[in-house]
Each structure stands twice: as structure tokens, then as C-alpha cells.
Amino acid sequence: MLTNPLTKNIGAEDVATDLQTYRDSDGYGGWLRALKMSPDELTQLVQKAGLRGRGGAGFNTGLKWSFVPTDRRAHPVRYLVCNADEMEPGTFKDRLLMERDPHLLLEGIAIAAHAIGAATAYIFIRGEYHLATQRLQRAIDEVTESGLIAGETTSLDQPLQIYLHCSSGNYICGEETALLNALEGKRAIPRAKPPYPQVSGLWGRPTVVNNVETLCNLPHLLLHGAEWYRKLGRGEDSGTKLFGASGKVNNPGLWELPMGTPFREVIEHHAGGLRDGLTLRGFLPGGGSTDFLGPQHLDLPMDYDTVRKAGSRLGTGTITVLDEATCPIGLVLNLSRFFARESCGWCTPCRDGLPWVVEILQRLENGEGTTNDIELLREHTARMGPGNTFCALAPGAAEPIQSALKLFEQDFIDHIQGGGCPFH
Amino acid sequence: MLTITIDGEECEAEAGQNLLSICLARGIDLPYFCWHPAMGSVGACRQCAVIEHKDEQDQQGQLVMSCMTAIRDGGRYSVDAHAAREFRGGIIENLMTNHPHDCPVCEEGGECHLQDMTEMTGHTVRRYRGPKRTHRNQYLGPFINHEMNRCIACYRCTRYYRDYAGGSDLEALGRNNQVYFGRHEDGRLLNGFSGNLVEVCPTGVFTDKTFSRHYVRKWDQQMAPSICEHCGVGCNTAPAARQPGRPGDPWLRRVTNLYNRDINGYFLCDRGRFGYEYANSPARLSQVLERDNVDVIGSSAGEGVLSHREIPPGEGVEAFARHLEDQGPGKHLLLGIGSPRSSLENNFALRTLAGAEHFYAGLGATDLQLLRLVDTIQRDDRIRSATTPEIEQADAILILGEDIDNTAPRVALAVRQAALNHRRQRAAELKIPDWQDAAVRQLPAPPVPIIFVGWEIPPLADCCTNQMIGTPEILVSFAEAVLATIRKGSGDKDILPAGTEASQDSDIGEVATETAQALAAAKRPLVIAGCGARQPGLLRAAGLIATALAEKKGNAVNTYLACPEVNSLGLVQLLASGDMHLERLQGIVTEARQKGTAVTLVVLENDLSRRLERSQARNLLAEADTVIALDHLPNDTTRRAHLVFPTAATPECQGSVVNSTGRVQRHYGVYEGIGFIQEGWRWLADALSASNQHSDSADQIRSWQHCDDVIRTLAETLPVFSKLPAVSVTVPEGFLVARQSHRASGRTAIGSARHVAELPPPEDTDAPLSYSMEGIHDPAASTLQAMIRAPGWTSNQSIHQFLHGINGPRIGRPEPVTLQRTTAPLPHWQSVELHGSRHQPGENKDAKGLLAIPLYRLIGSGELSNSAEGIASVMTEAFAKIHPADAAALDINQGDEIQLSLGETSLQLQSQLDFEIAPGVIGLPCGLPKFGDIAALLPSQARIIRVIRYGQKMEGDDC
């Protein structure tokens with residue numbers, strides 16, 4: 001039984017699968033099957049299969065599609081947008097998929113476009129992903145030329161057009177509505193929701209924005225069915241996922257594993273444990289904008305809801321490991337600098353709050369901290385909480401800080417009382 | 001109506017509104033920044049956070065942004081909740097991390113929304129210890145200062161400038177807390193509504209640069225409601241004055257917007273905001289002048305210019321009085337020349353003094369004809385004059401020939417808002433509230449049909465769905481085709497009127513059909529035309545189109561017919577007959593002189609050189625035995641007058657004016673003019689009182705003490721003004737409205753360099769307003785209070801506290817007063833009356849000839865505002881605009897000096913080649929200094945006499 005549908009075409013050699021090779025291993029078979037289904041059936045299938053958004057939020061993909069108005073006459077133009085602006089600190093999963101198996105993404109895009117009735121799809125790709133851009137464009141050219149996803153074969157009135165758009169580089173473009181603004185040539189600032197993009201998205205048309213990895217799940221889901229897909233997971237969630245580990249581990253990298261694989265297995269088995277005999281103090285489970293978890297959480301299965309219950313988010317599933325010899329405040333400062341710089345400047349708690357957080361953390365590191373600073377940081381993270389800001393950037397930025405304040409409070413106190421960073 | 005609970009108090013509120021609007025309308029102090037009543041919500045600043053409780057059991061609730069929260073029936077909200085207060089305090093604290101502590105030297109201080117909101121949240125102690133971000137500022141032109149360090153990034157400026165006003169040269173640049181609101185490079189902000197940034201910005205990033213030169217704090221200003229005198233729209237303003245404390249300081253300090261829902265709402269144009277400086281001009285007339293007996297020899301001042309000397313006002317009045325005596329054939333004939341930029345009081349006084357049969361409009365025949373056409377059309381009861389909110393709600397607009405961006409700017413700004421109406425409609429279908437500004441703007445919807453017909457692509461072009469750019473002849477043919485299609489009520493192209501050259505043009509036919517269909521299909525169509533185009537045919541066509549639409553729809557149709565000046569429509573009502581124009585006056589003067597009658601011309605606030613071809617005007621003045629001029633500033637006419645009286649400018653006096661829609665409004669004196677300045681009617685009354693003339697009308701004038709006396713007589717004399725006394729705002733017996741705030745400072749000190757004693761403030765004999773801090777201060781208690789502020793709300797943002805609901809009418813506002821005109825259906829104008837006899841098709845066959853037509857500029861075409869320092873510094877250079885195809889045929893290059901003749905007149909102007917102007921015409925600027933009389937000559941055939949190549953001089957040219 002196939003256990004690694006996402007990476008089955010990815011070998012040791014750094015080359016992209018071409019169309020022929022891809023087709024030879026059942027490539028575009030899912031797409032051909034999707035064509036035989038009505039958009040409604042397709043949406044229900046994906047919803048039933050329990051595919052959840054791999055961008056980090058974990059929202060049911062089929063459910064997301066179902067919010068697109070079904071009245072085609074009232075809404076003739078729809079768009080599918082692939083979010084390939086992978087800029088989450090510590091995350092590099094979409095890159096692998098795009099660089100090595102670009103057709104998998106294109107097939108997924110074709111399926112999703114068929115489900116929502118979109119004749120145009122955009123891939124909004126991170127500007128620094130030069131190689132992925134190059135390989136994707138070649139794949140788009142190949143598949144367009146082949147006519148596989150175009151013309152008579154589709155259920156659409158017109159051939160599916162896939163456009164590749166290189167971002168100019170802005171973390172906020174990963175936020176789906178800011179991405180849409182950027183794609184329209186406007187300032188990359190998020191939009192107010194409601195209206196949700198499914199109703200009024202790109203150029204005001206119904207639009208679905210899906211992450212690269214999410215879309216890559218579709219071909220084999222279609223090919224092997226919802227039941228098979230559900231069983232791929234080890235726990236509550238369906239399917240497999242690319243999990244990664246970075247930090248001071250022996251073997252940093254990326255592995256396709258079933259949903260529900262415990263953290264310990266990734267860190268200790270696949271990543272080979274911590275190097276130089278270091279011990280683990282905590283870890284960010286899924287990118288820079290998730291709450292720290294501690295060693296007591298190592299045996300939790302990596303499911304969206306389980307991790308949420310533990311006080312964090314699965315996020316992108318790429319773990320960043322914090323060891324005992326690394327200053328947690330330095331780590332948080334580094335992340336906060338990134339988020340402060342990447343704030344789009346639209347709403348106050350983020351734009352003016354994050355630089356202030358950086359200022360405080362920097363002072364702690366410099367030995368200029370005061371006892372009020374811990375309280376002040378807590379105030380800031382509360383103010384940047386979900387719902388208080390315009391989008392999820394600041395709440396995400398607040399997560400490592402607020403959890404560090406909980407898990408590593410003594411380190412903060414030591415920084416203040418000891419007149420600086422004890423790790424230096 | 002929904003029932004909601006705010007902090008335990010149950011209240012009713014209109015469904016579909018956002019919670020912030022409701023809280024503000026209820027007088028709750030809820031701080032906000034990015035929201036603006038005219039621009040809706042975007043949820044950027046997070047300042048207006050409140051707690052929303054799910055139900056009675058939900059004690060904790062959830063933090064929501066009130067501006068982005070649509071109320072729900074039974075909703076429970078708390079503004080006062082600790083969590084909400086704490087959050088709002090934190091937001092202010094965040095905003096203040098980079099805001100400089102420069103309030104004492106910041107010009108926004110004392111009327112700063114940021115100050116108010118900071119006080120409101122109670123943020124007093126600074127905890128941020130880091131350095132503040134700093135920016136470089138830009139030069140944004142002579143009107144607006146830029147101080148980016150003060151910016152709190154509320155995004156109101158770019159939302160206003162780009163989204164609301166259609167500007168393109170101000171944007172948000174950069175990101176994070178470095179976001180910068182500025183231009184791509186230093187330079188003047190080019191949008192004609194840029195001045196509103198000063199009021200839109202909640203703090204001191206954008207401030208009024210003209211005001212900086214003679215700055216005073218808001219609490220030290222004295223204010224009274226006024227009417228903008230720079231065009232016919234009649235925007236309400238709040239000019240601010242203060243006694244000069246320093247040498248060189250003027251009385252009048254600045255102009256800000258005064259909310260009037262039906263006309264200007266929250267916004268003014270730049271001419272209206274920055275044109276005030278003419279009143280401070282060093283050239284202002286402040287003394288009575290008499291012709292000096294010394295001849296001006298070899299003067300370069302120009303032919304007929306007299307030298308003057310100052311005389312005591314009493315002497316001047318006596319000299320004036322002598323001309324009022326011995327009236328009659330063979331003796332004296334006194335003729336009054338009124339003015340469309342002077343108040344009803346002044347014009348009526350002159351009419352009474354001279355007698356209705358001797359009172360002339362002070363306009364050329366064409367100008368008067370155009371105004372009378374507007375009046376005639378408005379008398380048809382199938383036509384309504386649209387208010388600004390009505391313009392904003394139009395769902396199809398036809399603009400016939402009028403460049404409203406430059407002749408009635410506030411109307412153009414309203415048209416711009418109408419362009420969004422289909423999006424609002426679409427939003428309603430998708431259940432998106434219309435205040436969700438960003439969401440509404442991005443919805444795809446077919447554009448609202450806005451069809452512009454004219455000879456130059458207008459600034460409004462970006463929101464026009466169709467433009468017909470052509471010669472006046474083509475435009476009239478187009479209008480005719482639209483009319484014919486509406487009348488026939490079908491889209492059939494064959495019914496275009498036969499026989500006109502243009503109707504054979506299929507392009508015109510198609511656009512005309514589309515236009516007619518769009519207007520016919522619209523629920524709220526609007527037809528805009530005006531006097532600026534100087535095409536009676538287009539005005540008539542506008543009237544006919546509107547009435548044809550009304551017939552079809554069975555209800556009155558909205559129009560906006562732009563009149564050029566502040567009281568144009570009022571002046572027309574005062575005329576004894578339709579031909580009281582200057583050409584006729586000229587004949588009367590010549591005739592009288594031939595019969596040996598001595599002619600005295602009394603010219604009221606009017607420069608005849610802008611009304612007639614200059615030499616013609618000069619001849620008229622030279623032919624009269626005596627010219628008595630009354631005006632604010634010296635001009636071609638006052639320089640040729642034997643007696644000159646200094647009159648009060650609009651902000652210096654009370655007066656009533658009629659705007660383009662027939663609404664009568666009153667302006668009040670903000671300060672008393674310098675020197676011997678007083679109202680025109682007072683000079684006339686003084687002269688009459690000093691004379692021995694006795695008649696009913698003379699006695700009437702003698703009895704006038706107050707402005708209201710003049711108004712009463714006018715209302716009794718002319719039924720069209722019968723409602724006029726209702727314009728007077730009354731205050732409770734024994735009270736006055738204070739022009740100064742209760743904390744006006746320096747009352748005893750400001751004049752101490754001149755007098756040790758504290759002199760009593762002057763009295764206002766006309767209005768129930770005091771020139772002091774004593775009296776009514778609350779803007780809710782009297783609409784005469786122009787200083788808009790409330791406890792805790794020092795800036796103009798406080799206006800919502802004095803309105804019936806957000807964007808509603810002002811509390812206590814009396815019913816608007818309009819002219820009481822008798823209604824009459826439009827005449828059945830025929831095709832020939834639309835086309836006129838002056839320019840027959842095919843006449844323009846002369847290779848060297850083009851039809852000269854008028855062009856207007858917001859900055860440059862205003863007579864008074866051109867004397868304002870800021871405006872004068874960026875005045876458009878005179879030009880002649882030609883289509884490159886015509887230029888090629890005539891061998892004219894960009895920048896060449898063209899000498900051209902318009903009838904008797906010869907002009908030399910620099911050529912400007914531009915694809916934006918119609919082929920076959922040459923556009924000449926109206927109203928620029930030195931070219932003030934061009935408008936009077938247009939339209940007419942221009943003959944190009946010679947072309948002087950750019951950078952070269954013609955041989956024998958001595959200039």
C-alpha cells in the first residue's frame with residue numbers, strides 16, 4: 001500500500017519529475033477521475049476525506065470550497081489561487097514539492113479549479129524560490145502544451161489557465177487576502193473578513209486560496225478515494241504530511257509521515273535526536289508563529305486538534321527545536337525582529353506593538369531589562385491576541401513570546417536580575 | 001429599528017449601521033482614528049474596540065472593533081468594560097511610541113483629534129523607552145505642510161486622497177512602522193481637493209501652510225459661518241480671524257470647512273480653502289479714493305488709468321451724494337451696475353438707489369443669457385436641482401459641456417462618489433454593509449454610467465464611462481441625438497435628427513443611444529450643465545433632456561446647472577428685464593451723452609474688464625462722465641473710477657447669496673474689515689442719506705439700519721425673495737452667539753501696544769453675534785456657532801455631536817430657503833435654437849482658423865482667489881491648447897508663441913499641444929490675470945496671425 005503519496009516521485013537526485021515520468025506513475029489519473037465527477041461531488045468527497053489546510057490553519061478544504069457560491073450565472077468568473085508564498089520561519093515543505101514534483105501541484109490545482117468552477121488559477125510563489133519558479137514554469141508549459149488540463153477534456157467552458165506570479169517578498173503575502181491584494185497589484189495588506197474570498201476575492205470574484213501541500217494531496221485522494229485517504233492518518237486527522245525538524249538536531253530535514261505521528265518520533269527518530277548530547281528544552285511545533293511546547297508534549301500525536309488542546313498549533317508541521325544551550329529570549333527576539341519587520345503596517349497592535357516588543361527583548365538581552373518588562377510583554381501579547389488585530393500575523397508573532405513567558409519565565413527573570421543574557 | 005444594549009442602557013438603532021456610528025451619534029465618547037463619516041470603516045487603527053456579549057449570561061464577552069461591527073437585534077455591547085478601556089489605552093500607547101512630544105509647537109495643537117483621543121483614553125505615562133522613528137518630510141506645494149514624524153498611520157489621508165477624491169500623487173509607501181505617506185517625489189499635490197487633508201488627518205502631519213504664516217490656536221480664533229465666495233456652489237465655510245498681534249499679521253487667518261449636509265458635507269475645494277488670502281492682500285482697498293487732478297503723464301499704467309488720492313470717507317460720501325441729485329433727462333442719469341459676486345443686499349441697494357429700470361446686471365449679453373437660461377430651466381417643475389447627497393446617489397449622469405472639476409468643483413467630487421453606486425448595490429446583494437469601504441470598493445460591478453460631453457478631457461475622466469470630446473457643434477448634435485432617442489423611447493438609431501453633420505457620424509449616434517438608454521433606465525438620473533461652457537444650446541439641450549426624462553418617468557428629474565459666481569442666480573432675479581446687460585447699457589450711455597445728459601456709472605464690486613472685451617469696457621468707463629466704483633481690490637475698473645469706495649469682502653460682512661440650485665444662504669462677518677471698509681449697501685445708503693433726494697425709495701434706503709432691514713424691503717418688493725427673512729437665524733432674546741471661544745486669550749493684551757485701556761469689543765449691528773467671548777458657545781444651541789468643538793473634542797471631528805445622526809443635517813438648522821420662483825414649462829426649443837446662429841457647421845473651413853473656446857482652471861480662473869498669495873504662487877501660465885493634428889496643419893510646435901485674433905482683439909499665448917482637447921478648437925484659459933476678459937470673447941473664431949517659434953523672436957518684434 002502506498003504510504004508516501006506526496007513524495008513517491010521524489011528521489012535522491014535533485015531533479016524535477018517531468019510530465020512523462022509523472023504520468024507513468026499514475027500522474028493526472030486523479031484529475032481524469034475528478035473530471036468524471038460534478039463539482040459538488042468532488043467537494044463532498046474532499047470534505048468527507050477530511051483533508052485539512054496544510055498552510056497552518058488546518059481548515060477543512062472541502063468545506064472551504066463549499067462556501068463558493070454555486071450560482072454560476074450570478075458568479076461566472078471564479079479564481080483558484082495557490083498560496084506558494086512559503087515564508088514561515090523554519091518552514092521549507094512546499095519548496096520540496098514544487099522543486100521536485102511540480103506536476104503534482106498542477107494536477108492538484110486542476111482538480112481544485114474544477115471543484116470551484118475556476119477557469120483561471122494563479123500560483124503566488126515566494127520570490128526567493130528561483131528554482132521552484134523555473135521548474136514550475138517548465139511544468140506549466142509542458143502540461144499546457146499536452147492539452148491535458150485544457151480544452152475539450154475539462155468540464156469548464158474554457159481551458160484552465162495557470163499563471164505563475166513571483167512575489168516581491170513579503171511575509172504578509174502568505175495571508176490569503178493580502179496575497180490577493182498583492183496579486184491585484186495593490187499594497188499587500190489584508191482585507192477585512194467578511195466578505196470572505198470565497199464570495200469576494202480576487203478582483204472581487206469568488207476565489208479559493210489553497211496552500212501548495214494541500215493541493216498536492218488531491219491527486220492521490222482522488223485516485224484512491226476518501227476511505228483510503230482517511231486511513232493514511234494514524235490518529236484523528238487524515239492523510240500524510242510533510243513534517244520537518246530544524247535546530248540543533250543531528251539530521252535536520254523533511255519527511256512524509258502519516259498525520260498523527262508523535263513529535264518524539266520526528267525529533268528522535270527521523271531527525272536523529274539532539275546533537276552534541278544536548279537536551280531538549282522545548283520546541284515550536286509548526287513554524288515561528290506557533291506556541292512553544294515542552295518535553296512533556298513529545299508524545300503527543302501531530303494532529304491539528306490535539307496540538308491545539310496542548311496550547312499550540314500544528315501550523316506547518318515543521319518543528320524548530322530549542323535546546324538547553326540556546327537562549328530562549330534570543331530565539332524569541334530573533335523571531336520578533338522578523339515579524340516586526342514583516343508587519344504590513346496596517347493595524348496598530350502589530351505595526352507599533354511588535355517593534356516595542358523587539359525593543360524590550362533587546363534590552364533584556366543587553367542587560368537593561370526592568371522587572372516591569374515581563375508584565376509589559378504579557379500586555380503586548382494579550383493585545384495582539386486573535387480578534388484584536390486585523391489579521392493573524394500579530395497573534396502568530398505573539399505565540400512564541402507568550403509561551404516563552406510561560407515556559408521560560410525564569411530565563412526572563414535571570415536576564416533582568418543577572419544584568420544580561422546568561423547564555424553569552 | 002433594532003434594540004441593542006450599550007453598557008446596560010437599551011436603545012433603538014437603525015439596522016445595517018455599525019456600532020461606532022451608533023455610539024458616536026448617541027454622544028458616547030468612543031475614540032477612533034481610521035473611521036471617517038464620509039469614508040466608512042476599514043478597521044485599521046483598532047482604537048474603537050468595545051466588548052460584545054453573546055447574551056446576558058456572557059459576562060466576559062469578546063473584544064470587537066465597533067467600526068467593523070454591524071449591530072444585531074438584541075446585541076449587548078459595552079464601551080465601558082475594563083477590558084475594552086484597557087485595550088484602547090494600549091492602542092493609544094502604541095500609537096504614541098513614535099509620535100513626537102511636540103504638541104506645544106505643533107499647529108494641530110488645540111484642535112488635534114489625536115490629542116483628544118489620547119486624553120479620552122487616559123494615557124498619560126510613557127512606558128516606551130526606545131528611540132522614536134523619524135522621517136524626512138516632503139515639499140508638497142504652497143498649501144500643505146508635511147510633518148511625517150507625527151504620523152500615526154491611520155491611512156485616512158491616502159484613503160481620502162486616492163479613493164475619495166481620485167488623486168494619484170499621494171500614497172502609502174514602505175511597510176511596518178516605517179510606513180510613509182507622501183508623494184513619489186517632492187512637489188505640489190495636484191488634486192484640487194488636497195486641502196481637505198488638513199482636516200482629514202487626525203493629527204499634524206498635513207497642516208495648512210497658508211495658515212502657518214499667520215498662525216493662531218483654534219481657541220484664539222474668532223469665527224462665524226460664511227459662504228465660500230469663489231464659485232456658485234455655495235459651500236459653507238468657517239473663516240477664522242484674529243486681531244493682528246504682530247505687525248504684518250492679517251486679520252483673516254484661514255478657512256475651514258463648515259458642515260452642510262446638502263452642499264459641501266465635510267469637504268471643500270482648494271480654491272475655496274486657500275483663496276481666502278485675497279482678503280489679506282496688501283493691495284486691498286481700505287480708504288475712499290478720489291480721482292487726483294494730477295494727470296498721469298507717460299504712465300505705463302495704461303490708457304484711461306487715473307491717479308487717486310485718499311480722502312476722508314465723509315467727503316467721499318458727499319461727493320457721491322452730489323451725483324444722486326438732479327436726476328432727469330438733460331440733467332443727470334445715474335446707472336447702476338450690479339455684480340454676481342456681490343450680495344443680494346448690495347445689489348438690491350443699488351437697484352433701489354438707481355431705480356430698477358437703471359439697474360444693470362454687470363454682465364455681457366452672453367453671460368446674462370446663460371444665467372437666464374438656467375433660471376428658465378429651473379422654473380420648470382419637471383426639474384429639480386440636486387443636493388450633494390442626491391448627486392452622490394445618482395445612477396446615471398450626463399455632463400453636458402461643463403468642466404465641473406474647475407467650475408463647480410464640489411459637484412465633481414460628489415459625482416465621483418456616485419461612480420461607486422453599482423458597487424454599493426452589489427454589496428447590498430451580498431449583504432456587505434455600505435460602510436465596509438474596502439470591501440465595497442473591490443466588488444466587481446458594471447460602472448455607473450457617467451457620460452462626459454465636452455471639448456477637453458476632464459479631471460473626472462477616470463470615472464466616466466463614456467466621453468464625447470468634440471467641437472461645440474458636435475456636442476450639441478450629440479445632445480440632440482440623446483434627446484431624440486429619449487423622446488422616441490427606443491434604441492433605434494434611425495431616429496437621429498436628420499440634416500446635422502454630426503448625426504451622420506455613427507460613433508456619435510452609438511454613444512448617444514447608449515447615453516439615452518442609460519439615462520432612461522436609471523432610477524435616479526442626473527443631468528449636469530452650466531454657464532462655463534458658454535453654449536446656450538447645451539444648456540437648452542440639458543433642460544430638454546431632463547424634461548424628456550421626467551415625462552418618461554413621471555417624476556421630476558435631478559439636474560445641476562452650474563452658475564459661475566456666488567450670487568449669479570440671485571442677481572438675475574433682481575433685473576427688471578432680460579436684456580439689462582452691458583452691451584445695452586453701452587447704447588444707453590451713448591444715447592444719453594448725445595442728448596447732453598451727464599452719466600454717472602455706479603459699479604458695484606465688479607470689474608467690467610472681465611465682462612466685456614477689455615477695450616470695450618474701457619470705452620464704456622471713459623464715456624461716462626463719472627464712474628463710482630465700490631470694491632475690495634483694485635482692478636481695471638477701479639483704476640478708471642472717479643470715486644472708489646472700499647467694500648467688505650465676504651468674510652468681513654453679512655450678506656445673502658443664492659447658489660446655483662436656487663438656495664439662499666447667508667454669510668456673517670467674521671471680523672470687521674480694516675480702514676473704512678464697510679458693506680456696499682452701507683456706502684450707498686450713506687450717499688443717499690447725504691443727498692437731498694426725496695422719493696419713496698430714497699426714504700426706504702434712509703431707514704435701513706441693519707442687514708435685515710434691506711432683506712425685509714427686498715422680500716416685500718420682489719415675490720421671488722418673499723421667503724428671504726427666514727434666512728435670518730434667531731437666538732433667544734437677550735443672547736448673542738460668541739465669535740470667540742470661552743478661552744480666547746490675550747483679550748486685554750493684544751492691543752496693548754496701541755492702547756493701554758481695554759477697549760470694548762465692536763458691536764455687530766446686523767447679526768446676533770458678539771465680537772467677544774461672551775455669548776452662546778455650544779454649536780448645538782445655535783447654527784450661528786461656527787467653531788465646532790465639544791468637551792473633549794476640540795477638532796472638527798466633533799461635528800457628529802451637532803448633527804441629527806451621522807451625516808445627518810445639523811441640529812437646529814432652519815429649513816433651507818429657496819427662491820420662490822413661479823413655475824413655467826420650458827419653451828419648445830427647436831434644433832436651430834440649440835445650435836445657435838453663431839457657428840454654423842462648415843463655417844470653420846479657414847485653414848488658419850480654429851474655434852476658440854473657454855477652459856477653466858481651479859487654480860487660476862477665480863477672480864478674487866487669484867489675489868491670494870498661495871494661489872498666485874502656483875498660477876497656471878496663460879496658454880493656448882491645440883490638438884496636435886490641428887497644430888501640425890497649422891505648423892505650430894509645442895511652446896511656440898501664437899498670435900491670434902478674436903474679432904477685434906489680438907492675443908499672444910504660448911501653445912500647448914495636447915491630445916486631450918478636441919480637434920478643431922483652440923482652448924484659451926479664462927480668468928487668468930492679464931487675460932481676465934478672454935471669457936467674454938468666447939466662443940469665437942480665432943484667426944492665427946503668426947507663430948513665433950519657441951525660443952525665437954520675430955523680426956521687428958520689440959517685446
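## Basis of the description

The model is predicted, and local features need pLDDT of at least 70, side-chain atom pairs count only at pLDDT 80 or more, while totals for chains, interfaces and linings use all residues. Residues are numbered from 1 along each chain as its sequence is written, and chains are lettered from A and ligands numbered from 1 in the order in which they are written.

## Domains

Chain A is divided into domain 1 (19–232), domain 2 (240–323) and domain 3 (328–417), with bounds that come from an automatic or database domain assignment. The C-alpha centres of domain 1 of chain A and domain 2 of chain A are 27 Å apart, and their contact takes 13 residues from domain 1 of chain A and 19 residues from domain 2 of chain A; two residues are in contact if their C-beta atoms, placed from the backbone, lie within 7 Å.

Chain B is divided into domain 1 (2–96), domain 2 (130–280), domain 3 (288–368 + 573–727), domain 4 (383–555) and domain 5 (844–948). Between the C-alpha centres of domain 1 of chain B and domain 3 of chain B there are 58 Å.

## Where the chains meet

The contact between the chains takes 31 residues from chain A and 32 residues from chain B. On the side of chain A that touches chain B, helices H14 (328–342), H15 (348–351), H16 (353–366) and H17 (372–383) of chain A each supply at least two residues, and H16(A) gives the most, with four residues. Helices are DSSP runs (H or I, at least four residues), numbered from the N terminus.

The largest nonpolar core has 416 residues, of which Val81(A), Cys82(A), Ile109(A), Leu400(B), Ala479(B) and Ile545(B) touch the most other members. Such a core is a set of buried Ala, Val, Leu, Ile, Met, Phe, Trp, Tyr and Cys residues joined through C-beta atoms within 7 Å. Leaving aside neighbours within four places in sequence, Ala479(B) is in contact with Leu400(B), Val453(B), Leu538(B), Ala541(B) and Ile545(B).

Helix H16 of chain B covers residues 472–488, and 14 of its 17 residues are buried. A residue is buried if 20 or more other C-beta atoms, placed from the backbone, lie within 10 Å of its own, exposed if 12 or fewer, and partly exposed in between.

## Met96 of chain B

Met96(B) lies in helix H2 (residues 82–96) of chain B, and Met96(B) is partly exposed because 19 other C-beta atoms lie within 10 Å. Not counting residues up to four places away in sequence, Met96(B) touches Thr118(B), His123(B) and Arg126(B).

Technical notes
Expected span 1.5 Å × (residues − 1).
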